[in-house]
Amino acid sequence: MWNIPNTQLRPLYEAAGLDRQTRNDTWKAPLCRFAETVPLRRIVQHVLRDDELLRSVAAVALRHPMGFDKLILLRDNRGALIKIDVWWEEDDDWGTIHNHRFDFSSTVLHGELRTRLFVDADPATEGAQTVDLYRLTVPQHPDDAVPHPRALLRAWEGSFPAGTSYDMRCEMFHMASGTRGRTTVTLVVQGAPRHAHSLATRDTPDLTPVTPMSVPEVRRRLERLEAL
């Protein structure tokens, strides 16, 4: 059942019903309760003190093309997972407009996450922009190189400071960025994929065959988080 087991996060996985739910209707409340009782330092220390877990985390850790570190701390064999995403002090690039194959719920543990949300619009609507969307399939497919024009309108822009949380449906187009000069860390509950592909405004690098970070690299990152 477990691709990456993590006894500390197992209660959150079970409370959220990740073994059976792919919609995020029931995830935010248990996520917030967990974050209130288990601080980031304890989450990080649990991994640092378990060499086998650290190796499992390092095997799939990556620098995401959207401009942040992705550290999966628990994952089942359906693809449901719990992770931390980290935007370091210099990470203030918005990346691209995109959606996901999966729903997720997120709570900000440290720093401040900037977010933009986009909705479909008539191309003639004031403020709408027509963009070329590209499929991101796991694994990649030849059709991923075909652009799909679509009119989108920025519906909201704001920030989520530490202690706040939000839900994101897989269909929602959005962008996210850290805040320059501050490390931003989110704890994310992510469901199993609901779709075969997502969409993004440019043909981003393939997210699957990424060279993993080494164990020492992941350890150094976790130690930096432990010191926050």
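**Contacts and packing in a predicted model**

Visitor: In this predicted model, which residues is S105 in contact with, leaving aside its neighbours within four places in sequence?
Guide: With those neighbours set aside, the contacts of S105 are N24, W27, K28, L31, Y166, D167, L187, V188 and V189.

Visitor: Is S105 buried or exposed?
Guide: S105 sits in strand β5, residues 104-110. Buried means under 20% relative accessible area. The relative accessible area of S105 is 0%, so S105 is buried.

Visitor: Does K70 count as buried or exposed?
Guide: K70 belongs to strand β3, residues 68-76. The cut-off for buried is under 20% relative accessible area. K70 has 17% relative accessibility, and therefore counts as buried.

Visitor: How are α3 and α5 oriented to each other, roughly parallel or roughly antiparallel?
Guide: Helix α3 covers residues 40-48 and helix α5 residues 215-226; their axes lie 9 Å apart at an angle of about 150 degrees. Angles over 145 degrees count as roughly antiparallel. The two helices, α3 and α5, are therefore roughly antiparallel.

Visitor: How many charged residues does the contact of α3 with α5 have?
Guide: On the α3 side are L40, R41, V44, Q45, V47 and L48, which meet R219, L222, E223, L225 and E226 of α5. By class, this contact has 6 nonpolar residues and 1 polar residue, and the number of charged residues is 4.

How values were computed
Residues are numbered from 1 along each chain as its sequence is written. This is a predicted model: local features need pLDDT of at least 70, side-chain atom pairs count only at pLDDT 80 or more; totals for chains, interfaces and linings use all residues. Side-chain values use heavy atoms; hydrogens and water are left out. Axes are lines fitted to C-alpha atoms, for helices over the stretch in contact, and angles run from 0 to 180 degrees between N-to-C directions. Helices (H or I, at least four residues) and strands (E, at least two) are DSSP runs, numbered from the N terminus. Angles under 35 degrees count as roughly parallel, over 145 as roughly antiparallel, 65 to 115 as roughly perpendicular and the rest as oblique. Contact means heavy atoms within 4.5 Å. Ala, Val, Leu, Ile, Met, Phe, Trp, Tyr, Cys and Pro count as nonpolar, Asp, Glu, Lys and Arg as charged, and the others, Gly among them, as polar. Buried means under 20% relative accessible area, exposed over 50%, partly exposed in between (1.4 Å probe, protein chains only).
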